[in-house]
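Hi everyone, thanks for having me. Today I'd like to walk you through some charged side chains and how they pair up. Please have a look at the structure first.

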Amino acid sequence: MGFDHVSNLWTAIFPLAVLLYYFFRKKYKTEMISSTLFWEKSMKETKVSPYLKNLQQNALFYLQMAALLLLLFILMDPFIPKEQGDDEHTIFIVDTSATMTAVEDDLSLFEANRAVMKEIAEERAGESFSLITTGKEPSIILREERDARKVLEAIEHLDVEYENEKIDRSIDIARSIIAGSSADIHIFTDQMDRSAFVDTEEGIHWTLHVNEAEIANISIEKFGAILSDDGVEAILKVNNQTEQDITGTAIIWDELSGKKLLEKPFEIEKKDTTLVSFQQLPETIALRAEIDVNDDYSADNSAFVLIGNDASEAIVDSNLHELIKKAFDAIGLAVTTGSAAELKAAVDQAIIVTNDVSFLQEGVRPILLIGRNDERAEEISGQIKTEADPLFSLGSIDDVYVQSIYPSFEEYETIAYIGEQPFIQRSKRGDIIILTDIGSTDWPLHPSFPLFFWSAVESLRSGTDIAGLFHPNERKAILSSGMSDDMEVFTVKDEYVESFANGNHFIAPMKPGIYKLIDGGKEKYIAVQLESTEKSIGSGSSFKFGSDHADGVKEEGKNKFGWLFVLPVLLLLLIEWEVQRRRGYPN
């Protein structure tokens, strides 16, 4: 036990003064004296009574002394020391990225961090806790929660989400929660540079819990596959991040059927990469590559790929209006302009945008045809009417003015009309045909112009079976069929994952793999891949720093309890008053 205000000890003079008062206080009692001759003798006998006798059988004295001593005790501000953290508000920033599944001493980094968080939460039970998980969109799991049971439950229910941590965003959220007050912030991750804390605020104490051991890791750095005349060809780039030579086996699986297609042994030197290629694999849509090696991090030992139209570049015919290229720029697609010869050379590698109808017979990939080079346009007037098609799900084109259009293709499906004349068509292969020149419309002035081109690119790129490649928890719009209000995601084993109202709010599953997307009864596939930043494990040293922080040592806390004696003092005063009232003052 200790005292915060020992200087108030000077108030002890008050109980001492009362004690002295009772020592020298004369005590009188009523006596019947028969003669004045005995008066002087009686007074002398009273005066020679011992001082201590003045304290005997005197309830008022003991009540007054108890009250004064308790007041003195309260004024000195007593406390019982306790070991506690730097602040009453503790914030946990928890890395939930894939690297936290790496194993050290038979325990994943994530599980080890969870144990530390529980220990801190139990030590500081009753204090305020906030819990933030990392990611592109960090989540606040708890905010200034004081219920220890809820804090422990929230920690127990945390899980790895495989998304890159983007930990600086979580730190910004923590700072906004603090809003100028003080806090003790604990960051749990695999590696973080001290330079990230160049600008620190007064009153914030930082504790960084990182991986301090070297994690042995061999990863699939890249995995790709294409369809050739001899079947499917696949190639793996394997990266050895350890300090020793490694041998292992690379295995290719058909992810839809679960059948092993081929396996090959490989050797790789320390801190080096190697390529493992596979030829003449059976035709399939989805492949999984796996390496069988002895390392401590298994999340990057698998990779997935969908074989289909995954072109990421568009080539626009140099004869077309320049605003078409700007529309592709606006939707974030790599785009270049080229001649007819350049378009033919890239017909199976990129999205072709042209007015040359001969490209409708070229290659195996669908194209975007804007206008025609084999016919003359004729003037037209009328309102645009569209069918229920995904191309128009993001924006209506009903208010677009079109001055002239080209003759239509009789064998193609019409999905938009001007009056009774076809305006936009789609071929059986998936080609999209716009039967006008952009310069003959006011379409570029409408918001639907870039939105239509985004939908067209997704339609051309997706084909009939593939909906795209994603990173864990990636939020990205996908082209919806428009035939249903719900879009459902399942694993390849038909296990339900999640539902979305429409493609504009789609969020990819958190765990890497191949998934089925059910949209309006139509089945497509998506692949979820780890980001490249999640294919290496960092290590470092844990450290603590912050204002008024002494080498990371926990400061001595104080459980103050002096206020508990205020009520007893008041009770003693009340009893003292009652004694005085009943007995009165002696003569």
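Let's start with Asp184, which makes a salt bridge with Arg124; their closest N and O atoms are 2.8 Å apart. Keep in mind that this is a predicted model. Where do these two residues sit? Asp184 belongs to strand E8 (residues 183-188), while Arg124 is in the loop between helix H4 (109-123) and strand E6 (128-133), so the pair ties together parts that are 60 residues apart in sequence. Are they buried or exposed? Asp184 is buried, at a relative accessible area of 1%, and Arg124 is buried too, at 5%.

Now on to helix H7 (residues 322-330), which holds both Lys325 and Asp329, four residues apart, or about one turn of the helix. These two form a salt bridge as well, with 3.6 Å between the closest N and O atoms. Lys325 counts as partly exposed, with 27% relative accessibility, and Asp329 is partly exposed at 43%.

Asp494 is exposed, with a relative accessible area of 52%, whereas Lys516 is buried, at 10%.

Salt bridges can also join up: Asp147, Arg149 and Glu153 are linked in a network of them. And how many salt bridges are there by this count? The number comes to 17.

Key
Residues are numbered from 1 along each chain as its sequence is written. This is a predicted model: local features need pLDDT of at least 70, side-chain atom pairs count only at pLDDT 80 or more; totals for chains, interfaces and linings use all residues. Side-chain values use heavy atoms; hydrogens and water are left out. A salt bridge is a side-chain nitrogen of Lys or Arg within 4 Å of a carboxyl oxygen of Asp or Glu. Helices (H or I, at least four residues) and strands (E, at least two) are DSSP runs, numbered from the N terminus. Buried means under 20% relative accessible area, exposed over 50%, partly exposed in between (1.4 Å probe, protein chains only).
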